[in-house]
Structures are given as structure tokens and as C-alpha cells.
Amino acid sequence: MRRLLALRREGKLTTVQVRSAADVLGVRERAVWRWLAAAERDGAAARAPGERAAYPGRFTVTAEVRALLALWKGNVAAVHRELAARAARGEGESPPSIPTLHRAIRRDLTPGERAGLAGGERAARKHDVFLARPRGWRNQVWETDHMLAPVLVDVDGTARRPWITWFTDCATNAITGVAVTPVHPSRESVLAALRSAVLREAPYGPFGGLPEKVRVDRGKDFLSRTVTAAFDLLDVTMEDLPAYTPHLKGTVEGLNRAVESMFLAALPGYARQPRPGKRPSRPKDEALLGFEDFTARLLAWTLWWNTEHQPAPLRGRTPLEAWQDDPTPLRDVAAADLWTFTLEDAGTRTLTTRGIRFRKRDYVGSWMTGQAGIQVRVRFMPHHDHRIEVYHAATGRYLGPADLADQATEEQISAVRKTRAARARRLKKDLQASQRERYAAATQAEPPRRLGALTTAQAGAELAQATDTDLSDLALPDLIPPTAPPSGWRTPASLAALTGPQPNPMPPSQDSAPALEAPGGRAIPFATDDDGDT
């Protein structure tokens, strides 16, 4: 626009040039001529062609309008009604028309501010500009995260959505380790994925080795004592990112989005699949993948991602090619040492003739013959109650595994789980029934009226039953009231007035028994035995 304005002032501007500028800007030729005329009158119009010039009294967005936009979630019509109602009550000036209010909001607020006032910080973040971290070298930084797979999987006859835990290398976009859990993940899932990420032996390689840094979010599984201790032993720095900042670990977040669109969306049981009908319910005859089959397919897709897929940041290379082209030396850890470092330490125990006592259960192993009496150190994988790993307490030498003695069969465990589930369902139903309250429907403004009547006998019986089961109601704290402390005690100033007299000191000797005084003034001692009893 400034170039056209200079040509106009020099008298060299032609119609062809104006028509060409109009085509580039996507407006009519008449609009360009009008902008040039406005720019000659006001130099500020040349910086923003087409924008209405500021004039005294023009409506602008105030702090009150911003607060109302946040209150009404960006609804401009509701903001206009609120401003008109306040003006009618004499609490402000009359608002402009709705089109004028729309123009002022678009002019004075950025798209990010408008989205933030309507949808919060997460919506505003979509309009922000983020810097890209420079790509370093392999194993410089890893990122890890949990992901709830939007796919229903058959787990022991129950449809569940499994969780995926994986580690990814930021320099090569390679998936170094992955673990799948049928239910909500724990620190055990993190340790399992970490072992698969660090080991470079088959079937994990060639990706792996120890990274220099690992970025994690504020998940309690990643910040647990066991996981942080494992990273410390492996000499790996853990970077705990602030809460609700997924853009700070964009590599693994991008992987979470890619696996859904490139792999999970095509699987049977995809939970977000558009379905016909008004209710997006799942068909009753839908066949679901088993947990083992789902895990096998996910591992196959991970292999495809690492060896065949060409992410855009790698510019035509696969993660495997980018990994092999990087000459950075790797730090490897032996499988036995890695297994030891990723186990939770339970302290020392004494090996007895019944084995090792751990969590009120006995664990035995074939290597324990002739070893009773030694001190051992117990390590275990979290939530794996069937086996522990035993090490010598003094030397740290690995002695062997120990399995749970008298372990129940799978049929017994299944029966116990079904019984527990049925009991939990009954308890949940009873609690919901006890907490259910009904109120009468109101057609006018009136206080709520609770429904449900009880007789006097029913109320008394229920209260008596609750009183009998509450031990605090049965206590008698005033049966033996506490006495005041003696005056010789060191007491606070607020209790000094409540102290009692100092008790009489004990007689200097208790060898002689106390005596009674006879009517004639003669003392009559008590008879005592050899033990001093009267």
C-alpha cells in the first residue's frame, strides 16, 4: 500500500497497477482507490488498509466487557443483554448495537484472547506460537507418557481400554520402549517400559542405551520413589515439567496423536468411531480384540514406525536411518544389572527354615537349602506378589528368586475376584440407596421439600442401631474426671491457676510398717511378712 501511495503522489500510478493490487488482496478495484484516498488524508490508514479510522467516542472493549465475555463464555449477544440491563438500572451507559460490539471485540481482542475468554487457557493455547527445540543427538533427551488407548479390548471377558506407556527419542523420533497395561498404569508399567527402552538386545534393539535426560509430566507414577531411584542409579537426569504444559514434550504428544489416527482408528472396538443412529452405543455383537492380540499388533506397528515410516522432521529418513547415521556413542547396561536397578528395595530379612517372610507371607526357593540364618536383601517388582528377588545383604550378590509358598490356583484366584466384585457391587448399590434423596417438584418459588416419611418407631430403631455401633457414643469421659496437676509441675501460664497442692513427700524409709495409735497412746504396728506385705 505504501508503494502504491508513493506512485500516486508522484503521478505514476496506473489503473493496471491498482487492478493488479486488488486481485492480490482479494478486493475490488474501487476499494483500493478508496484506501489510497484515506491514506492521503491520514497516514495511519496506510498501516492498516481497510480498517476504520479511529474517531472520538468510538466504542472500545473495556474491562467490564472482558469480564462479561468470560462470564458468558464468549456469547456476544448475552453480553449485549447484560449491558442493556445494567444501563436500564442506571449502572452504566447504553451499549452500542450488536454489530458494533462484534466489530469492537474483533478489533480490540486477539484471536487467542477471544478463544481464552470463551474456552479457557487450553483454547487460548491453540493460537499461541511455540518455538521448536533444536534437534540434538540420539539419547540426548527422551520423553515418556501414558496414553489411554481409545480401543475396547477383551480382558478376561471384560471390555477395557488399555493404557500404553512408551519412551521416545527426541532426536530421531524413534520409539525406544513400550509397555501395555490392561488397567490403569502404575510404577510397574514405567519400569517395564524403561527396561525395554534401555536394552538393545533382541527383541528390543537396535534402539536403546541410557539417555542423558528424560522429560516427564507430573504423573505420580513417574515421580514415585522407585522410578526416581532407578533413574538416579542409572545416572539419568529426570526433568519434571510444569503441569498442563503438553507443548513442552511435543515429541511424545505428537506420537499419541499419530498412533490414534494411523493405527488405533482402524481396529475393531474403536471407541470414537462414528456410528449410525441417535445413540452412539456399541453393537452387542461387536467382536473385540484380545489383550494379547492387541499388544502384538501394537508392537508390529511400533516396528513399522521405527523402520519404515518417514516423519516430516526427519526429511525423508526413517527413525532407524536417523539413528544409524548418528555417530554418538551409546551407554549400555547389562540386562542383569538393569533388572536389579529397576526393582523396588524392601530392606533386609533373615532367611529362616520357613523361607523369607515378606508382607506376612512366606517365600521359598530351591537355592535356599542350607542357607538358613543368613541376612538377605529383598527386591521386588511392584504389584508382582508371586515372586521376589533375593540378594546377599553384605556382598550384594544375587542369590536367586523366591516364589510365594502355598500359592492359590488360578481357579481359586478367579473365584475370589468374582466374589470381591459381587460384594463391591452390592455395597455400592446399598450406599447409593442409602444416599438417594427425593424432593417434590416445584412449579413456584418455594423452599425444597424432601420426600420420604418414617414412623417414630422406625426412626428410633435406626438411631439406636447407629448409637450401638458408634464407640465414641459409648465412651464415658466424665466417669473419672482428670485431676489438676500439682503446683510443683512446670505448666503453662494459662493452667497455673488450675494446679492443685503439692502432694506430701514419701517417708524417708519404707522398711518399717505404719502403726496405729491405741487408746492409751501406745502404738500398735502392723504385722508384715518377709516380702513386706501386710
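Which residue forms a salt bridge with Asp345? The partner is Arg377, and the closest N and O atoms of the two are 2.8 Å apart. A salt bridge here is a side-chain nitrogen of Lys or Arg within 4 Å of a carboxyl oxygen of Asp or Glu.

This is a predicted model, in which local features need pLDDT of at least 70 and side-chain atom pairs count only at pLDDT 80 or more, while totals for chains, interfaces and linings use all residues. Residues are numbered from 1 along each chain as its sequence is written, and side-chain values use heavy atoms, with hydrogens and water left out.

## Salt bridges

Side chains of opposite charge can pair when their charged atoms come close. The structure holds 25 salt bridges. Three of them are set out here.

| Glu260 | Arg272 | 2.7 Å |

Take the pair Glu260 and Arg272, with closest N and O atoms 2.7 Å apart. Glu260 lies in helix α11 (residues 250-262), and Arg272 lies in the loop between α11 and β8 (289-290), so the pair ties together parts that are 12 residues apart in sequence. Helices (H or I, at least four residues) and strands (E, at least two) are DSSP runs, numbered from the N terminus. Is Glu260 buried or exposed? Glu260 is buried, because its relative accessible area is 16%. Buried means under 20% relative accessible area, exposed means over 50%, and partly exposed lies in between (1.4 Å probe, protein chains only).

Asp345 counts as partly exposed at 37% relative accessibility. Arg377 is partly exposed too, with a relative accessible area of 28%.

The C-alpha atoms of Arg361 and Asp385, 24 residues apart along the chain, are separated by 9.8 Å. Asp385 is partly exposed at 35% relative accessibility. Arg361 is partly exposed at 31%.

Some salt bridges join up. Glu143, Lys213, Arg215 and Glu239 are linked in a network of them.

## Strand β1 and its partners

Strand β1 spans residues 141-148 and is mostly covered, with 7 of its 8 residues buried. Two strands pair if DSSP finds at least two bridges between them. With strand β4 (residues 163-169), β1 pairs in the antiparallel sense over 7 bridges. There, His146 stands opposite Thr165 in β4. Strand β6 (residues 213-216) runs parallel to β1, and 3 bridges join the two. In this pairing Val141 stands opposite Lys213 in β6.

## A positive patch

Which residues form a positive surface patch? They are Arg417, Arg420, Arg423, Arg425 and Arg426. Patches are made of residues with over 30% relative accessible area and no salt bridge; like charges are joined within 9 Å, and nonpolar side chains (Val, Leu, Ile, Met, Phe, Trp, Tyr) within 5 Å. Lys and Arg count as positive. Arg425 lies in helix α15 (residues 410-435). Arg425 counts as exposed because its relative accessibility is 57%.

Technical notes:
Accessible areas come from the Shrake-Rupley method with a 1.4 Å probe; for residues, only the protein chains shown count as cover. The place of a charge is taken as NZ of Lys, CZ of Arg, CG of Asp or CD of Glu.
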